[in-house]
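Q: Could you help me learn to read the features of a protein model? I would like to go through them one at a time.

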Amino acid sequence: MAAIPVNFLTLFYFLALLFSSSHGQLSTNFYATTCPNVSTIVRGAMTRALSSDSRIAASFLRLFFHDCFVNGCDASILLDDTTTFTGEKNAGPNAGTARGYEVVDTIKSQVEASCSGVVSCADILALSTRDGVVLQGGQSWTVPLGRRDARTASQSAANSQLPGPSSTLAQLITSFSNKGFTAAEMTVLSGSHTIGQAGCASFRNRIYNQANIDPAFATTRRANCPSTSGSGDRNLAPLDVQTPIRFENAYFQNLVAQRGLLNSDQVLFNNGSQDALVRTYSQNNARFLADFAAAMVKMGILSPASGTVTEIRRNCRRTN
């Protein structure tokens with residue numbers, strides 16, 4: 001399969017600028033007069049956060065993806081559960097593994113100090129995610145702004161709509177297609193696993209029971225991931241064994257060498273429809289980075305359903 005054309009960037013920037021929904025009109029200069037320093041504040045906060053936690057860029061990527069895939073990019077994943085409200089934080093794909101909430105709080109506080117009640121948590125998450133990728137070596141993209149924050153969340157949608165680490169290629173293609181993405185866009189977005197880590201429970205079956213895995217790689221991973229379920233489930237391993245805190249195409253090189261950590265990684269290169277694209281990205285870092293940036297613009301304009309009640313939260317963990 002051919003790689004996504006680089007000129008898709010122009011197309012998605014155009015779509016982002018014109019996109020209209022319950023978010024309203026998204027625009028790259030949405031806060032030009034109401035909060036002109038928001039991008040500077042967010043970039044500075046992410047720079048400081050990364051200096052103390054090298055995983056935070058990957059954590060924000062995961063938060064952004066898990067937010068946008070469930071009823072659009074509306075910061076619903078940031079809402080805490082209460083006695084009368086069940087959010088998405090404790091859904092199966094998020095419970096105990098989604099992280100970075102405290103950094104979101106810090107950034108939101110700094111933004112509020114500069115321009116209170118203006119910038120949405122959804123926009124802060126979108127900007128922070130982009131900045132994390134760039135600070136770890138990825139290509140930048142223009143983030144259209146003007147998202148609003150949901151007053152509701154859906155744990156059931158998070159449980160049913162987010163693809164898991166054991167997903168097959170067919171399941172991944174269907175999951176992304178349901179959100180308007182092509183198989184090629186699914187593959188390039190999977191390249192986000194060039195940074196970050198995963199817990200033993202998510203890759204145990206792969207390293208002990210699957211044949212399409214480099215034996216030396218499996219042996220290395222087994223050293224910190226016991227075969228018994230419930231033992232060491234949260235022991236971490238890098239998703240990209242080569243450069244776990246550098247955003248580039250080593251993830252795809254790992255797949256070609258059968259060193260994908262998760263089943264949902266290796267299925268992208270396993271005599272299937274995405275093999276050619278994976279090989280292209282493994283050999284062409286610039287193409288991967290450009291295509292990833294384009295796909296992230298498209299991810300960022302996934303919107304809540306028309307008519308959804310939204311607001312600008314003052315605290316990202318709760319509604320106003």
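A: Gladly! This is a predicted model. Let's begin with helix α14, which spans residues 285-300 and holds both Phe288 and Phe292. These two residues are four apart, about one turn of the helix.

Q: How do I describe a pair of aromatic rings?

A: You give the distance of the centres and the angle of the planes. A search of the whole structure finds 14 aromatic pairs. In one of them, Phe288 and Phe292 are 5.9 Å apart centre to centre, with 55 degrees between the planes, and the pair is tilted.

Q: Is Phe288 buried or exposed?

A: Phe288 has 0% relative accessibility, so it counts as buried. Phe292 is buried too, with a relative accessible area of 1%.

Q: Which residues form one aromatic cluster?

A: That cluster is formed by Trp141, Phe247, Tyr251, Phe252, Tyr281, Phe288 and Phe292.

Q: Where does the charged end of Lys179 sit?

A: Look over the ring of Phe69: the charged end of Lys179 is 5.8 Å from the ring's centre. In another case, Lys89 lies over the face of Tyr101, 4.1 Å from the ring centre.

Q: How are two packed helices described?

A: By the angle between their axes and the distance between the axes. Here, helix α3 (residues 56-68) packs against helix α5 (residues 121-135) at about 140 degrees, with the axes 8 Å apart. That angle makes α3 oblique to α5. Residues making the contact include Phe60 and Phe64 of α3, and Leu125 and Val133 of α5.

Q: What is the handedness of the crossing of α3 and α5?

A: The crossing of these two helices, α3 and α5, is left-handed.

Key:
Residues numbered from 1 in each chain as written. Predicted model: local features only at pLDDT ≥ 70, side-chain atom pairs only at ≥ 80, totals over all residues. Heavy atoms only, no water. Phe/Tyr/Trp six-rings, centres within 6.5 Å; stacked < 30°, edge-to-face > 60°. Buried < 20%, exposed > 50% of the residue type's maximum accessible area, 1.4 Å probe, protein only. Lys NZ or Arg CZ within 6 Å of the ring centre and 35° of its normal. Axes fitted to C-alpha atoms, helices over the stretch in contact; angles between N-to-C directions. Parallel < 35°, antiparallel > 145°, perpendicular 65-115°, else oblique. Left-handed = near helix turned anticlockwise from the far one by under 90°. Contact = heavy atoms within 4.5 Å.
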